[in-house]
Amino acid sequence: MLTISNIRDNIVGIDRKVTLLDGSTKQYIFLDNAASTPSFAYARDKVNELLTWYSPVHRGAGIKSIISTRAYDESAKIIGNFVNANPDSDVVIFVSNATGGLNKIAHRMNYMPGDVVLTTQMEHHSNDLPWRSAPNLHYINIREDGILDVEDARRKIEKYSDNLKLVTITGASNVTGYVNPYHDIAEMAHEHGALFVLDAAQLAPHRAIDMKAGGDEKRKIDFLVMSGHKMYAPYGSGVLIGPRSFFERGDPDYVGGGTVKIVTYDEVHWNDPPEKDESGSPNVTGAVAFAASIKVLEEIGMDKVAEHEMLLTKYAWEKLSAIPEVQLLAPPDYANLDNRLGVIAFNVGGIPDGRVAAVLCYEGGIGVRTGCFCAHPYLKKLLKVTSEESQMMIKKILSGRWVNIPGAIRASFGVYNNFDDIDNFVDMIERIIEGDYIGEYELDESSGEYLPKGHDLNPEEYFMI
Ligand SMILES: Cc1ncc(COP(=O)(O)O)c(C=O)c1O
């Protein structure tokens, strides 16, 4: 039985040690789970087991094919069930990741002139850029404190009501961890006849999601995307779930093998979804790994996952906010952890974010993320970057000079992180503030990375193909 207390033993690579700048070794601490998580051992083991039965799916004729096909189709059911998709009206389409899923919906929109899509100012680029091909794209504002402005959502949904086709928001921000009231926004969208998309890439690993909204049609989620690699299954699979009827019409974004029922030199008859939208040979191992990791999360219980991560977040938040030099990029109501994931972005009094991350890496054996987290517009708003500064920044980046680019450090927790990880991390932050580290860190202007002078880390000492 997997629980919060033993899940750490089920994390692949948790025991890996790295060599630090002073020559000592340390068990690596990973705090960039919002980007991608390590694998559950259960998912890896299921992949290894499947590989002994692996064979092409759907169109293969042998017994191994029958076994693999069954595993693939069953995986879709397990994943759909995890977010309470409607098996009668929804279809689960395997894609490579959340980005692939969002692009697929955008591709199928069949816009008419004047159509409007609404997204928000707090999106990951993956839930912003695919919609820029809409005839009109508008952004729901965020408030000063970074929280979604729900009143602005209401205003804009009403304002564009006549042409509003779709409203898309993230379930939770990958910068502040703030969880949006997405069922409320879905209800507003549906009242005005628009479709509602939930980018659940960030939310799904940490909170239970109910696409059916307890049977309340108005509040349901029409489309949802999520990525296996953010849910302890980094094997190249994500899903897009949405109304079967939506995917029955139109042409798929990628065409070729698997997408058709019959082809002549003159005619093409598309397959039914999901096959129509899963061009080429599908990633069976990725699908099975994703479903296996979902089974682990279900066994632990999403309520327990949320509870554990809230405790970690509160602990880290309290420790970090007690350090005067730390500026947290977070709304003031952070104490209300119901609407926050374990994602904490911050800066450390005047020390470039890249330098902090480099010391954490080379002297703390801790992995975090820095920069703008694929949410440039949102981060610039949170950091109050002026439009002149923004223009300067664009010029510098385009000329290949990554110098003084505004950014932040982000620590994000997974279900397996513990309080020791946070103590270790906060101790290192304190050491960095005190200047208690040995490396001399130099900025590589072409990449924006800080590297310790005279130290040449050789990744092949750890892993070689
Ligand atoms: C909120 C959000 N949406 C979408 C994505 C894109 O996910 P993927 O890289 O798996 O496509 C991310 C990745 O960080 C994210 O945080």
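Let's start at the ligand: 16 residues surround it, and the closest are Asn97, Thr99, His124, Asn174 and Ser227. Here a residue is near a molecule if its C-beta atom, placed from the backbone, lies within 6 Å of it. By class, this shell has 11 polar, four nonpolar and one charged residues.

Two quick notes on the model. It is predicted, so to speak of local features we need pLDDT of at least 70, side-chain atom pairs count only at pLDDT 80 or more, and totals for chains, interfaces and linings use all residues. Residues are numbered from 1 along each chain as its sequence is written.

Now the core. Which residues touch the most other members of the largest nonpolar core? Leu224 and Val239 do, out of 125 residues. A core here is a set of buried Ala, Val, Leu, Ile, Met, Phe, Trp, Tyr and Cys residues joined through C-beta atoms within 7 Å; buried means 20 or more other C-beta atoms within 10 Å of a residue's own, again placed from the backbone. Helix H7, residues 284-300, gives the largest share, 11 residues. Helices are DSSP runs of H or I with at least four residues, strands are E runs of at least two, and both are numbered from the N terminus. Because domain 1 (7-30 + 301-461) and domain 2 (44-298) both contribute, the core lies between them; those bounds come from an automatic or database domain assignment.

On to the strands, where pairing takes at least two DSSP bridges. In S5, residues 116-120, five of five residues are buried: Val116, Leu118 and Thr120 point one way, Val117 and Thr119 the other. S5 runs parallel to S6 (residues 136-140) over five bridges, with Thr120 opposite Ile140. S5 also pairs with S7 in the parallel sense, over three bridges, and there Val116 faces Leu164. S7 (residues 164-170) in turn joins S8 through five parallel bridges, with Thr170 opposite Asp199. Both faces of S8 are covered, with Leu195, Val197 and Asp199 on one side and Phe196 and Leu198 on the other.

Last, an open antiparallel sheet of four strands, ordered S13-S14-S17-S16. S13 (326-328) and S16 (369-371) stand at the edges with a single partner strand each, so one side of each has no neighbour in the sheet. S13 pairs with S14 (residues 343-348) over three bridges, and Val326 stands opposite Val348.

Technical notes
Ala, Val, Leu, Ile, Met, Phe, Trp, Tyr, Cys and Pro count as nonpolar, Asp, Glu, Lys and Arg as charged, and the others, Gly among them, as polar. A residue is buried if 20 or more other C-beta atoms lie within 10 Å of its own, exposed if 12 or fewer, and partly exposed in between; C-beta atoms are placed from the backbone.
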